[in-house]
Amino acid sequence: MKELLTYIAQNLVDYPEQVSVNQVDGDGGTVLELHVASDDMGKVIGRQGRIAKEIRALMRSVAQRQGTRVSVEIID
């Protein structure tokens, strides 16, 4: 899961070397914290949050197939 989110984010941004993902496991599932360069924040979020919404939907879909729960937080 962490590798998939890293791959997606690195292909969206101008500075792929500054992409990092932290995985935090909890009772309700896994939280993936996505960190990108401040210049790339708009590319990851998209207009009206559309790209961020689609990234979250994709990650939820993959997690559901694996029988887990996951949420994605974009942190600056």
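A nonpolar core is a set of buried Ala, Val, Leu, Ile, Met, Phe, Trp, Tyr and Cys residues joined through side-chain atoms within 4.5 Å. In this predicted model, the largest such core has 16 residues.

**The nonpolar core**

- Leu5, Leu34, Val36 and Met59 are the residues with the most contacts inside the largest nonpolar core.
- Two or more residues of this core come from each of helix 1, strand 2, helix 2, helix 3 and strand 3.
- Leaving aside residues up to four places away in sequence, Met59 touches Met1, Leu4, Leu5, Leu32, Val70 and Val72.
- In soluble globular proteins, nonpolar side chains tend to be buried together.

**Pairing between the strands**

- Strand 1 and strand 2 (residues 29-35) run antiparallel and are joined by seven bridges.
- Gly26 is placed opposite Gly29 of strand 2, while Val21 has Leu34 of strand 2 as its bridge partner.
- Leu34 is also among the residues with the most contacts inside the largest nonpolar core.
- Strand 2 pairs with strand 3 in the parallel sense, over six bridges; His35 stands opposite Ile75 of strand 3.

**Helix 1 and its two sides**

- In helix 1 (residues 2-12), the buried residues are Leu5, Thr6, Ile8 and Ala9.
- Viewed down the axis of helix 1, these buried residues fall within an arc of 165°, so they line one face of the helix.
- An α-helix has 3.6 residues a turn, so residues three or four places apart point the same way.
- The buried residues of helix 1 pack against strand 1, strand 2, helix 3 and strand 3.
- Glu3, Tyr7 and Asn11, on the other side of helix 1, are exposed.

- Asp14 belongs to the loop between helix 1 and strand 1, and Lys43 to helix 2, so the pair ties together parts that are 29 residues apart in sequence.
- Side chains of opposite charge can pair when their charged atoms come close.
- Lys43 has a relative accessible area of 34% and is partly exposed.

**Gln48 in its loop**

- Gln48 is found in the loop between helix 2 (41-45) and helix 3.
- The phi angle of Gln48 is near 55°, which is a positive value in a residue other than glycine.
- With a relative accessibility of 71%, Gln48 counts as exposed, because exposed means over 50% relative accessible area.

Technical notes. Residues numbered from 1 in each chain as written. Predicted model: local features only at pLDDT ≥ 70, side-chain atom pairs only at ≥ 80, totals over all residues. Heavy atoms only, no water. Pairing = 2+ DSSP bridges. Helix = DSSP H or I, 4+ residues; strand = E, 2+ residues; numbered from the N terminus. Buried < 20%, exposed > 50% of the residue type's maximum accessible area, 1.4 Å probe, protein only. Arc of directions from axis to C-beta. Contact = heavy atoms within 4.5 Å.
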